[in-house]
Amino acid sequence: MLDMGKHIKNKAQWVKGEFDDKVKAGFSASQLYRDTIETIAFIGGKLGAATDKAMFYYFSDGTKLKITSSPSIKCEVIE
């Protein structure tokens, strides 16, 4: 099986792109959240910190991502 994590250059931006595509497709908030977490795990993202409303993920290429679950789900690349 192909290890996608080795072939994606900016992992956080790639996850954000996947998230944005699902938003455009009309996925529900719960499905967006679940799919985004699965996508992060699929390419090797690690949870670095979490609060009651946000989770911060780190990737092996040095990129970072923030998932905010309240009041609505958002996905942001952290510089």
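First, the ground rules. This is a predicted model, where local features need pLDDT of at least 70 and side-chain atom pairs count only at pLDDT 80 or more, while totals for chains, interfaces and linings use all residues. Residues are numbered from 1 along each chain as its sequence is written, and side-chain values use heavy atoms, with hydrogens and water left out.

Let's start with H1. Helices here are DSSP runs of H or I with at least four residues, strands are runs of E with at least two, and both are numbered from the N terminus. H1 has 15 residues. From first C-alpha to last, H1 reaches 21 Å, close to the 21 Å expected at 1.5 Å a residue. The expected span is 1.5 Å times one less than the number of residues.

Which residues of H1 are buried? They are Lys11, Ala12, Val15, Lys16, Phe19 and Lys22. These residues cover an arc of only 135° around the axis, which puts them on the same side of H1. The arc is taken from the directions that run from the helix axis to the C-beta atoms. Buried means under 20% relative accessible area, exposed means over 50%, and partly exposed lies in between, with a 1.4 Å probe and protein chains only.

Now the other face of H1. Turned away from the buried side, it carries the exposed residues Lys24 and Ala25. And what do the buried residues pack against? The partners are H2, S3 and strand S4, residues 74-78. After H1 comes Gly26, with a positive phi near 90°.

On to H2. This helix covers residues 29-42, 14 residues in all. At 1.5 Å a residue, H2 should span 20 Å, and its end C-alpha atoms are 20 Å apart, which agrees. The buried residues in H2 are Leu32, Asp35, Thr36, Thr39 and Ile40. Seen down the axis, the buried residues of H2 fall within an arc of 140°, so they line one face of the helix.

The cover over that face includes helix H1 (11-25), strand S2 (54-58) and strand S3 (64-68). The face of H2 turned away from its buried side carries exposed Glu38 and Ala41. Just after H2, Gly44 takes a positive phi of about 90°.

Next, how the two helices meet. The axes of H1 and H2 come within 10 Å and cross at roughly 155°. For these values, axes are lines fitted to C-alpha atoms, for helices over the stretch in contact, and angles run from 0 to 180 degrees between N-to-C directions. H1 and H2 are therefore roughly antiparallel to each other. The cut-offs are under 35 degrees for roughly parallel, over 145 for roughly antiparallel, 65 to 115 for roughly perpendicular, and oblique for the rest. The crossing of H1 and H2 is right-handed.

Which residues make the meeting? From H1, they are Trp14, Val15, Glu18, Phe19, Lys22 and Val23. From H2, they are Leu32, Asp35, Thr36, Thr39 and Ile40. Contact means heavy atoms within 4.5 Å.

Take Thr39 in helix H2. At 11% relative accessibility, Thr39 counts as buried. Setting aside residues up to four places away in sequence, Thr39 touches Trp14, Val15, Glu18 and Lys22.

Now the strands. Thr68 sits in strand S3. Is Thr68 buried or exposed? Buried, at 11% relative accessibility. Beyond four places in sequence, Thr68 touches Lys53, Ala54, Ile73, Lys74 and Glu76.

Val77 lies in strand S4. At 22% relative accessibility, Val77 counts as partly exposed. With residues up to four places away left out, Val77 touches Ala12, Gln13, Lys16, Lys64 and Leu65. Val77 and Thr63 are 14 residues apart in sequence and 7.7 Å apart in space, C-alpha to C-alpha.

Ser69 is partly exposed, at 37% relative accessible area. Leaving aside neighbours within four places in sequence, Ser69 contacts Tyr33, Asp52 and Lys53. Ser69 and Tyr33 are 36 residues apart in sequence, yet 7.7 Å apart in space, C-alpha to C-alpha.

Ser72 is partly exposed too, with a relative accessible area of 39%.

Notes:
Left-handed = near helix turned anticlockwise from the far one by under 90°.
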